[in-house]
Amino acid sequence: MTPLTTASRYARLTWHLSAVSVHRLTEYRMDFLLGAGGLLLRVICQIAVIDMVFRQVPQIAGWRYHEVLFLLGFSLLPRGLDRMFTDQLWILARKLVQNGEFFRYLIRPVHPLFSLLSERFLYPDGFGELLTGIALTWYAAEHLDLSLSAVQWLLAPLLVLCGTLILAALKTLFASLAFWTTSSFPALYAANQLGDFSGYPLDLYHPSLRWLLTWLLPYAFTAYVPASYLLFGHAAMLPWLFVVTAGLVTLALVVWHRGVDRYEMTGS
Amino acid sequence: MNRYTPFATAGLQSLLQYRSTFLISAVTATTAVGVQVFLWRAVYAGRESGLLGGYDLPTLTTYVLLAQILGLVQANRVDEEVSGEVQRGDIAVSLLRPVSYPLSRFAAGLPVSLTNAALVAVPVLLLYAFLLPLTAPTWTGVLLFACSAALSLVIGFGVNLLVGLAGFVTTNIWGVRVVKDSVVAFFAGQVVPLALMPGPLAAVAHALPFQGMIDGPLRLLLGRYDGLLGAAGILAVQLGWALALTALAAYAWRGAVRRVEVLGG
């Protein structure tokens, strides 16, 4: 099989399995509303806090109200996309290795990672984040009279995609630890929790924390770096964004494969 | 009373079995405090004159820190466990036991709260006390806080039990818990003190039971009340909500049991 036919096969599968999920969504409408609505309410609470902050001061760490909203909105785009496609990794971290059910994903004629993720494609909860993110980014951009250059328009979707890949890679990385420790839920949860810092301008934080969020758990590249590029044209970090994305995805896949190999060995 | 001791022991044992939850709680609380503190420090840095809603920076830092810690202590996993039992159907077994289910849940949740307070809250508190300037409370404050914190546990338990019982109505208990975690925490004053909220929002928050979980106890601790009468008022409102929520939870439980019987037909 050529790479092209493989890619088109996976694309077709993704499309088909997503359609299955949408059917499930119409079946459990209440669940969908709760999941999507819950994340929506969480964002509204975050906006309320930002509102309260800007009642007191015109700007924080050099960022104005609508710029902070833009950053928050932008941070939701990769997060929503990631949640829609990779949430099954939480289950892997929590119990799939522990209870031995992971073998199911090894005996299907697709890549085990794809097989695992496909169980929850288009998980409805991510819609809430994605739609809120789009609305918020749009609203903030309107108020800022943001006019993007042609290059920025071209890069914007790519930046969201890279952010999604970084989040997915971090999740894969920490979830894969379960192959060694049987449950990696606490580690995944802790790493995920630190992502909460990325919805705000990193200029607020102590330099050591900023360094950690840029180079160790690179959440900075999912929102702060792309948003400062789109808002202020700060492009110095952009090349690093692509390097970090590529590096992290490679690392995650290597760790994943090592983990899967290990799992097979213990199973035999 | 003795009948409920085994539940308390079991709750404690299962908690000690899953020690990793301590790490999760600690990281969550530390992150939440960090985000808030950095945000408010930037606000104070950007203003010429000091006070926000009557709080200076060390007092607001103390508030934000203790709010997360109080929230941590109230997170007794009752919502998770009750909804889990409902979903798996284990709740049927609980109905056979000659004890009150809500009370046995409370007995199982209490040691979880206390252990969290000792093993997670204290280290997080010490960490931030080492890093940031805080305001030391008065002894009167501590005393009032102790009474108020006890009442806040009852309110928190009532809310958690109701969320858990929502498992009878929906299978997406995760969604309900996201709603609870954000909305309840917000109106409780866990993120921002009620004194900093704009008028209408503060009015809504004051009318809801949740302010008795965080804002009430911390106002008592930090001495932000008008004389003895004001302090008594805060406690009285808390007591009222604690009783009301207990009654509501009992009512919801009775309704839920009836539903089980119908399904079991």
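**Entry 1: A:T86**

I looked up A:T86 and found that it is buried, with a relative accessible area of 6%. I note at the outset that this is a predicted model. A:T86 belongs to helix 3 of chain A, which runs over residues 65–86. I then asked which residues A:T86 is in contact with, leaving aside its neighbours within four places in sequence. They are A:L117, A:A168 and A:K171. With A:K171 there is also a polar contact, made side chain to side chain at 3.0 Å.

**Entry 2: helix 9 of chain A**

Next I turned to helix 9 of chain A. How many of its 10 residues are buried? I recorded 7, so this helix is largely enclosed by the rest of the structure. The buried residues of helix 9 are A:F185, A:P186, A:L188, A:A190, A:A191, A:Q193 and A:L194. I also looked up what covers them. Within chain A, the cover includes helix 4 (88–96), helix 7 (150–176) and helix 10. From chain B, helix 2 (20–45) is included in the cover as well.

The area buried between chain A and chain B is about 2,900 Å², and carbon and sulfur atoms give 80% of it.

I then counted the polar links. Between chain A and chain B there are 0 salt bridges, and 1 residue pair is in polar contact, with both residues at pLDDT 80 or more.

**Entry 3: a nonpolar patch on chain A**

I looked next at the surface of chain A. A:W211, A:W215, A:L216, A:W240 and A:V243 form a nonpolar patch there, and their accessible area together is about 550 Å². Helix 10 (207–216) and helix 12 (238–267) of chain A are the elements that give two or more residues to this patch. Helix 10 gives the most, with 3 residues. Is A:L216 buried or exposed? I found a relative accessible area of 52%, so A:L216 counts as exposed, the cut-off being over 50%. A:L216 lies in helix 10 of chain A.

**Entry 4: salt bridges**

I followed several of them in turn.

In chain A, A:R104 forms a salt bridge with A:E119, and the closest N and O atoms are 3.8 Å apart. This pair links distant parts of the chain, 15 residues apart: A:R104 is in the loop between helix 4 and helix 5 (112–117), and A:E119 is in the loop between helix 5 and helix 6 (125–144). I recorded A:R104 as partly exposed, at 28% relative accessible area. A:E119 is also partly exposed, at 29%.

In chain B, the side chains of B:R105 and B:E81 meet in a salt bridge of 3.0 Å, N to O. B:R105 lies in helix 6 (residues 101–131) and B:E81 in helix 4 (residues 78–88) of chain B, so the pair ties together parts that are 24 residues apart in sequence. B:R105 is buried, with a relative accessible area of 11%, whereas B:E81 is partly exposed at 27%.

I then looked up B:D215 and B:R219, whose side chains meet in a salt bridge at 3.1 Å, N to O. Where do these two residues lie? They are 4 residues apart in helix 10 (residues 215–221) of chain B, and so are separated by about one helical turn.

The residues linked in it are B:D79, B:E80, B:R177, B:K180 and B:D181.

Note on methods:
Residues are numbered from 1 along each chain as its sequence is written. Chains are lettered from A and ligands numbered from 1 in the order in which they are written. This is a predicted model: local features need pLDDT of at least 70, side-chain atom pairs count only at pLDDT 80 or more; totals for chains, interfaces and linings use all residues. Side-chain values use heavy atoms; hydrogens and water are left out. Patches are made of residues with over 30% relative accessible area and no salt bridge: like charges are joined within 9 Å, nonpolar side chains (Val, Leu, Ile, Met, Phe, Trp, Tyr) within 5 Å. Accessible areas come from the Shrake-Rupley method with a 1.4 Å probe; for residues, only the protein chains shown count as cover. A salt bridge is a side-chain nitrogen of Lys or Arg within 4 Å of a carboxyl oxygen of Asp or Glu. Buried means under 20% relative accessible area, exposed over 50%, partly exposed in between (1.4 Å probe, protein chains only). Buried area is the accessible area (1.4 Å probe) that two parts lose on being put together, summed over both. A polar contact is a pair of N or O atoms within 3.5 Å; within protein, one must be able to donate a hydrogen and the other to accept it, and residues adjacent in sequence count only if both atoms are side-chain atoms. Contact means heavy atoms within 4.5 Å.
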